[in-house]
Amino acid sequence: MLVCQALTDTTVIFPPVEGHRMEDATVTLSVDDGIATVTLNQPESRNALSAELADALTAKFESVTDSDARCVVLEGAGPAFCAGGDINAMVQGVEHDRPPATQVELVVSSLHEAIRTVHSCPLPVVAKIDGPAFGAGAGLALACDMQVASTDGQIGFGFRQVGLACDSGVSYFLPRIVGPNKAKEFLFTGELLDAAAAGELGLFTRVFDAETFESAFSELVADIAAGPTVALGHAKRLVNRSLDSSLEQALENEATAQGLAFTTDDHEEGTTAFVEKRDPEFRGQ
């Protein structure tokens, strides 16, 4: 397994990026052809998850459901997907000797609300990873339904480098993908995995060559957005619930979901297209 050398700086996870201007909008949202693109828009801090950015991310995802989007792309502006938690808030907590409860409220609470909101979004959510996803940024990527990366993508869980355990749902998502032993290994060592290693482990669901990443990613997401949106939403919830369900409960949930899917226009279109031997044209309803 190829593993990139772990980061060693304990005060600044990633250095500022030169040549990028800080935009007014912390997180941006655009919707085009049924695809909502949510962009972490703080390239100068490598999109580190400050409370401000996390709150803005939650708000943007909540507004997605009021649009005509059928799929959501989560990306980071600049060369990083997300560099992790807000190191400045951590430093201030140490300098001002803040009580643990206060530090949790300032550093973790907004971040965790964003993780919940992304994970529970009723639409398929695809993380677009064309650079490092580190620490809390890795947790944010795993909260999405798919993690699609270029060969320049990286992922790591280096909370240890700032003397912390883990947050952002990493203790939930990571062992479910790689198993508890590997999860503990990555948390104990803080290794930064390259795209090939992450792909082999299932941390990245697709890896495309950097030169063709944009076109390959766009084609994949367009295909998802053109799918039967209601049915895909049910499928997402079924898989998420199955992680904590018995087989019997999973079967009951599937029966309920299929009963709802049977009533959709997309089910009628899908079965009609199958009989007519043509590609279905789903409308997302």
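Visitor: Which residues does I155 touch, not counting residues up to four places away in sequence?

Guide: In this predicted model, I155 touches A133, A138, L142, E191, L192, L193, A198, L203 and F204, once residues up to four places away in sequence are left out. I155 itself lies in strand β8, which covers residues 154–156.

Visitor: Why is I155 called buried?

Guide: The relative accessible area of I155 is 0%, and buried means under 20%, so I155 falls within the buried class.

Visitor: What makes helix α5 largely enclosed by the rest of the structure?

Guide: Helix α5 covers residues 136–143, and eight of its eight residues are buried, so the helix is largely enclosed by the rest of the structure. The buried residues are A136, G137, A138, G139, L140, A141, L142 and A143, and for each of them the word buried rests on a relative accessible area under 20%.

Visitor: How do you know whether α4 and α5 are roughly parallel or roughly antiparallel to each other?

Guide: The axes of helix α4 (residues 109–120) and α5 cross at roughly 20° and come within 8 Å. Angles under 35 degrees count as roughly parallel, and α4 and α5 are therefore roughly parallel to each other. The contact is made by L111, I115, V118 and H119 on the α4 side and by A136, G139, L140 and A143 on the α5 side. By class, the residues of this contact of α4 with α5 divide into six nonpolar, two polar and no charged.

Visitor: What is the corresponding word for α10 and α11, and why?

Guide: Helix α10 (residues 229–242) and helix α11 (residues 247–261) have axes that come within 10 Å and cross at roughly 170°. Angles over 145 degrees count as roughly antiparallel, and α10 and α11 are therefore roughly antiparallel to each other. H234, L238 and R241 of α10 make the contact with N253, E254, A257 and L260 of α11, and by class the contact has three nonpolar, two polar and two charged residues.

Visitor: Why is L251 called neither buried nor exposed?

Guide: L251, which lies in helix α11, has a relative accessibility of 41%. Buried means under 20% and exposed means over 50%, with partly exposed in between, so at 41% L251 counts as partly exposed. L251 and L238 are 13 residues apart in sequence, and 9.5 Å apart in space from C-alpha to C-alpha.

Visitor: How do you know whether D33 and K277 are buried or exposed?

Guide: D33 has a relative accessibility of 70% and K277 has one of 79%; exposed means over 50%, so D33 counts as exposed and K277 likewise counts as exposed. D33 has its place in the loop between β2 (27–32) and β3 (35–40), while K277 lies in the segment after α12 (265–275). Phi of D33 is near 50°, a positive value in a residue other than glycine, and phi of K277, also a residue other than glycine, is positive at near 55°.

How values were computed
Residues numbered from 1 in each chain as written. Predicted model: local features only at pLDDT ≥ 70, side-chain atom pairs only at ≥ 80, totals over all residues. Heavy atoms only, no water. Axes fitted to C-alpha atoms, helices over the stretch in contact; angles between N-to-C directions. Helix = DSSP H or I, 4+ residues; strand = E, 2+ residues; numbered from the N terminus. Parallel < 35°, antiparallel > 145°, perpendicular 65-115°, else oblique. Contact = heavy atoms within 4.5 Å. Nonpolar A, V, L, I, M, F, W, Y, C, P; charged D, E, K, R; others polar. Buried < 20%, exposed > 50% of the residue type's maximum accessible area, 1.4 Å probe, protein only.
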